[in-house]
Amino acid sequence: MDPISERLRARHPQRIDLSLDRMRALCAALGDPQHRLPPVVHVAGTNGKGSTVALIRAIAEAAGLKVHAYTSPHLVRFNERIRLAGKLVEDDQLNAILDRIEAATFDSGGEATVFESTTAAAFLAMAETPADLAVIEVGLGGVLDATNVIERPLLSVITPVDYDHAEFLGTDLAGIASEKAGVLKAGAPGVIGRQREEAFKAIERRAVDVHAPLTVLGVDFDAWAERGGMAFQTAELFMDLPAPALAGAHQIDNAALAVAAALELDLPESAIIEGLRAVRWPARLQRISAGPYGEAAKAAEAELWLDGGHNPHAGRALAAFLAERQARAPRPLALICGMLGNKDAGGFFAALKDSQATVFTVGFDGAAAEPAALAAVARGHGLAATPAGSVGEALDLALRFGAGRVAICGSLYLAGEVLGASPETWPV
């Protein structure tokens, strides 16, 4: 664990307690930095939030804007969560800001969770660093998420809503969508990803209530893969664009949201093209070819992929990507999977049940599911599964058994451990 993460975990409650009261009190004690941010694009949803943030940032930076970004979780270093005018926050600046947050928390007689403290740190750093735009990712939900003290975003974006964090958001899709739709604010346009009908109706109700005009993927604009690139169309225009430099067919929709957001921001087509080509976002179907794991795979003439998706929706995206790779060049397939114990492992493996993959389950630092229990879930969905002691052991087993294509998957925390072993594989 890096020093900043250790500091936060040592001094702030670990729990997730959805409420805005503590966050509002903390921000007030700090002079309400959330009201002093540059224009904000607020991004909510279940899957694709981080990729969409990265795409919007890449396009805006290609247009010459200085862009702040706030995302979570980090992969290797805590500083990845806070980007100031294009650069990751430095340790000295972040520690000084955390000193101020801890003093404000003490003086107000309250407390703040790790995410609330982190979010306040991001807002304070962003308010005190000049920039043209801030792209802020919701942590969990929307209505009661700590980032939702932002009252006047320039634009709100909602990526596809699906099931995740059931212990906080429940298992009713309309209810989950209502929570996510809390980022829609009066008069601020909303750019909405493809949704199931019940999710969209809930989002639409919120938009009507707060008078937020919506632009909806599949209704007001659309995008699709075409001739190795990406076509984007509205009623008024058609753009022949490069495919985003992020693997997976699902990234076309994420890129479509980013392009629609860029048009709302009046960014030029040239910046959209450059941003789609330049975007980077580690651990989202990332090809690993360096470091100890990449070198081991290369020596065995095998492909190695890394993906942090951890719910059924992400499992379906991974399955579609692997099916496309297998159709083009069939190879024995292996999955190295580790997941948090509170995730829907059954839904994740159900999405992959037709892949014919051999599964090796692993643990990682934190509240990971036991590898033996995770393997049993995989076997329950028709997949051959074996627990392993580590990613290295699992990769060795997979390669010795002849796997020609391997995907390490199931958790961003696991992905972070893999990337931490190979710093050259995670520039952001």
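In the predicted model, helix H3 passes helix H9 in a right-handed crossing. Two packed helices are described by the angle between their axes and the distance between the axes. For H3, spanning residues 49–62, and H9, spanning residues 251–264, the packing angle is about 45° and the axes lie 9 Å apart.

On the H3 side, the contact is formed by Ser51, Thr52, Leu55, Ile56 and Ile59. These residues meet Gln251, Asn254, Ala255, Leu257, Ala258, Val259, Ala261 and Ala262 in H9. Sorted by class, the contact of H3 with H9 comprises nine nonpolar and four polar residues, with no charged residues.

Strand E10 covers residues 229–234 and is mostly covered, with five of its six residues buried. Strand E9, residues 221–226, runs antiparallel to E10 and is joined to E10 by six bridges. Within this pairing, Gly229 in E10 stands opposite Glu226. The hairpin of E9 and E10 has two residues between the strands, and Arg227 in this hairpin adopts a positive phi near 50°.

E10 also pairs with strand E11, residues 238–242, in the antiparallel sense, here over five bridges. Gln233 has Phe238 in E11 as its bridge partner.

Conventions: Residues are numbered from 1 along each chain as its sequence is written. This is a predicted model: local features need pLDDT of at least 70, side-chain atom pairs count only at pLDDT 80 or more; totals for chains, interfaces and linings use all residues. Side-chain values use heavy atoms; hydrogens and water are left out. Axes are lines fitted to C-alpha atoms, for helices over the stretch in contact, and angles run from 0 to 180 degrees between N-to-C directions. Helices (H or I, at least four residues) and strands (E, at least two) are DSSP runs, numbered from the N terminus. A crossing is left-handed if the near helix is turned anticlockwise from the far one by less than a right angle, and right-handed if clockwise. Contact means heavy atoms within 4.5 Å. Ala, Val, Leu, Ile, Met, Phe, Trp, Tyr, Cys and Pro count as nonpolar, Asp, Glu, Lys and Arg as charged, and the others, Gly among them, as polar. Buried means under 20% relative accessible area, exposed over 50%, partly exposed in between (1.4 Å probe, protein chains only). Two strands pair if DSSP finds at least two bridges between them.
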